[in-house]
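Please look through the sequence and the 3D structure below before reading on.

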Amino acid sequence: MRKKMALYLSMVFTSVVLFGCQFEESTVNKPSTQQYLEENEKVETDVEFSVVTLTMIKEGTSIVFDDHNALEQFKSIISSAVKENGIVNIANPDYSVDIINENKDKQVLHLWLGGAFEESTLMNTNDTHTIYILPSESTNKILNLIEQV
């Protein structure tokens, strides 16, 4: 009889614990996509771009963008990047992006370019411990700019 009572009590205790865990999990507030974008840092682009040079690292070939439309697109692309939290351990980049702004300051970014409708990754060479994710729309814009040349 004691064994049955101990078994019954252990089943009740286990059920209470499992129910409590389930209840706790369901009350966790998961951030929406908009909240995620607001809480994570974005790349700031306060100044106007004068020249953007996109260099394919393996081939050493460069494309220079200096027309107003392309520069505005690059500014939009860079500003859409969202900081990714975590430890960075990533392969060599596909491209180097040199941005010269209106003050003649130069910023160099590494770019891992995804395929059409895929995300891409940016890294500022001054902060190699942080990456930024570009949405697929920005990847498509870059691919279109490259194709236009």
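## An aromatic pair

In this predicted model, the count comes to one aromatic pair, where rings of Phe, Tyr and Trp (its six-membered ring) pair if their centres lie within 6.5 Å, and where planes under 30 degrees apart count as stacked, over 60 as edge-to-face and the rest as tilted. The pair is formed by F65 and F74, whose rings are tilted, with 5.0 Å from centre to centre and 55° between the planes. Both F65 and F74 are buried, a word that stands for under 20% relative accessible area, with exposed meaning over 50% and partly exposed in between (1.4 Å probe, protein chains only).

Local features need pLDDT of at least 70 and side-chain atom pairs count only at pLDDT 80 or more, while totals for chains, interfaces and linings use all residues. Residues are numbered from 1 along each chain as its sequence is written, and side-chain values use heavy atoms, with hydrogens and water left out.

Leaving aside neighbours within four places in sequence, F65 is in contact (heavy atoms within 4.5 Å) with S50, V51, V52, L54, A70, L71, F74, L145 and V149. In soluble globular proteins, nonpolar side chains tend to be buried together.

## A residue in strand β1

T53 is found in strand β1, and T53 is buried, with a relative accessible area of 16%. Apart from neighbours within four places in sequence, the residues in contact with T53 are S62, I63, V64, S96, V97 and D98.

## The chain as a whole

The protein chain has four helices and seven strands, which follow the pattern α-α-β-β-α-β-β-β-β-β-α when read along the sequence. Of its 149 residues, 32% count as buried. Among contacts between residues at least 6 apart in sequence, 54% join residues at least 24 apart.

How values were computed. Helices (H or I, at least four residues) and strands (E, at least two) are DSSP runs, numbered from the N terminus.
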